[in-house]
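Hi,

Here is the structure I promised to pass along.

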Amino acid sequence: MTGTPRIWPIVLILAIFSTPLVIMYLYQVIDSVASPDPGSLIPGRIDMSNWRFLWERIDTGRPTIWAVTFNTFVFASTTAFLVTLLSTTAGYALSRLNMPGRPYFLGGLIILHAFPTITLIIAIFIILQAMGLFDTLLGIILVKAALELPFGVWIMKGFYDTVPWEIEIAGVQDGASRFRVWWELVIPQVKPGLAALLIISFLSGWSEFVLPLVLAPGSSTQVLSTFMNAVIQDDATADFGLFKAIGMYYSIPVIVIYLIFQKQLMNIYGGGTKG
Amino acid sequence: MELRLTKFTKAFGPVTVIENMDLTVGSGEMLALLGPSGCGKSTTLFAICGIHKMTSGKLHFGDRDVTAVPAQQRSVGVVFQNYALYPHMTAEQNIGFPLKVMRHPKAEIAAEVRRLADLVQIGELLDRRPAQLSGGQQQRVALARAMIRKPDVLLLDEPLANLDAKLRLEMRAEIRRIQRETGITAILVTHDQVEAMSMCDRIALMKDGEIVQLDTPKQMYANPQSQFVAGFLGNPPISFLPAQAEEQLVIGRGQAIKRPDGLEARGEVVLGIRPEYFGPQHGTGLSGEVIFVEPQGREELVDVRLETGGMLRAILPAGDPVRLGDRVNWGVSSRNILAFSTDGDRL
């Protein structure tokens, strides 16, 4: 990394514009473990009491953090699993099978992907109510998965499009059935896409806020984002330290996942954009 | 095993690509489907391997009617232009895949893979993945995979197109050797006339979905049935020259060539003169100016613009003193002239 002198002005400009962000992140970390004196920016003594939510209920009537975390995990992973499973098959069909109405499916996907889903929230509310799935994890899992699907299908179609036809023809010539060709020869070629999609939809589920807020407001179905929302809204005197500590706790898995799977996540831009 | 295609028709929607084509490939024969792109040779190949359904017609392997048999059960080995190896499998797994699908015991698969690997001479590369193999080696793996099932027919779809010139020469000989050694019936699809001529027993030259001539390479070169065939075969290509067939073949303004024996046509004709039949070694008779000299090492390619218009190509041994801009008066070997009617049929 030997930068030429000319790069320094650019770095400087970028640094100036990023400073507010950096300060925000910095205080997010600092404030979660320290209690600054009022009106001062310099952190005072170390104070781990902000993290008390880990070992006790912050007040009665709220679920424990572990129940909420469990909910969030179930919500995010089930959604990711559903989205990936359906996108894997639907993407293949759209990429390879000559079915009636295929161009309309493709156009529809793009529209759905760009569609502001929040406008559907009342309709979804009514549907969930009618199905008896209102205020259940299953309900918001189904809704979230459905809304994520257009993106997933589109990404997977892009990955399938890069697999040469000849590989499939060769597989068929070698005597394998269409299904076996797909499972044994094609899927291994789109594995990077599968991994990326799985991670991305997990992260998307992990940070989802509006759907659980509106469609699963009860405390038994609370996820971390709505839990945080409740913490900051309820109290007359907002406990910012506690809020920031929960925020840290909430974002640690995301950071860890990004650090571990960086390479797989970059893949989606390599393969997906060719769609 | 003999392959017989009868009244084969293939249409994609309203577009008929091939109509009523008949083709028989003898047992153990290697036949080239040669033609420019879009002539229907790949369509024919896909119909034989079962990827495309035939619109009408029949396909027999030996006595077995396979017209309605799905690709998986046809016993056809295919080698593709880009080899189509399975990137996530080693060479050994690639070659063994067809037997694995057929649920052969592991030990038997391993032994067969070994045998094929020896045949195509890649024994020491079996644990590599395709990405770790050179083009020629990938080609050999693809060939071994296509042959491991002992298929009735081997189809080669432009197998040499992705190789560099030197390797192409080597693999040309290799594929022919393997085909001869195993006695398999093979069809080579190519647009390269040199490949077709050098590798195959017979060539089927296709144009616009029809076989325009089916012959041995030698016959097709010496005795083309049409101007298209004559123009397609031969490198450097043949030159065509319009002429008036009278007592002599008059090219214009007093320049004329002796009529070849047996030519009876009168009136307007098109003469086809291969480069090796025009030049100083054939005497004199046609004068013109050298407009292009292309040294090729062993020989030189010379283009001559005739005084009457029109152009002839000659091939001379290297070191010939002819220079760009020279005026020359060279002869034509008149018994090797090919004459065509103005609509391209051989006269």
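Chain B holds eight helices and 20 strands, where helices (H or I, at least four residues) and strands (E, at least two) are DSSP runs numbered from the N terminus. This is a predicted model, so to speak of local features I need pLDDT of at least 70, side-chain atom pairs count only at pLDDT 80 or more, and totals for chains, interfaces and linings use all residues. Residues are numbered from 1 along each chain as its sequence is written, while chains are lettered from A and ligands numbered from 1 in the order in which they are written.

The C-alpha trace of chain B spans about 80 × 45 × 35 Å along its principal axes. Of its 347 residues, 39% are buried (20 or more other C-beta atoms within 10 Å of a residue's own; exposed is 12 or fewer, partly exposed is in between, and C-beta atoms are placed from the backbone). Among contacts in chain B with a separation of 6 or more, 65% are between residues 24 or more positions apart; a contact has the two C-beta atoms, placed from the backbone, within 7 Å.

Now the strands of chain B. Four of them form an open sheet in the order β2-β1-β4-β5 (chain B), with antiparallel pairing; strands pair if DSSP finds at least two bridges between them. Its edge strands, each pairing on one side only, are β2 (15-25) and β5 (64-65) of chain B. Inside this sheet, β1 (residues 3-12) and β4 (residues 56-61) of chain B are joined by five bridges, and L3(B) sits opposite F61(B) in β4(B).

Elsewhere, β19 (residues 327-332) of chain B pairs antiparallel with β15 (residues 278-279) of chain B over two bridges, with G331(B) as the partner of G279(B). Four bridges also join β19(B) to β16 (residues 286-295) of chain B, again antiparallel, and there N329(B) is the partner of S287(B).

Where the chains meet, 14 residues come from chain A and 16 residues from chain B. On the chain A side, α6(A) gives the most, with six residues.

Finally, helix α1 (residues 7-33) of chain A: its end C-alpha atoms are 37 Å apart, which agrees with the 39 Å that 27 residues should span at 1.5 Å a residue (1.5 Å times one less than the number of residues). Two of the 27 residues of α1(A) are buried, so this helix lies largely in the open.

Best wishes
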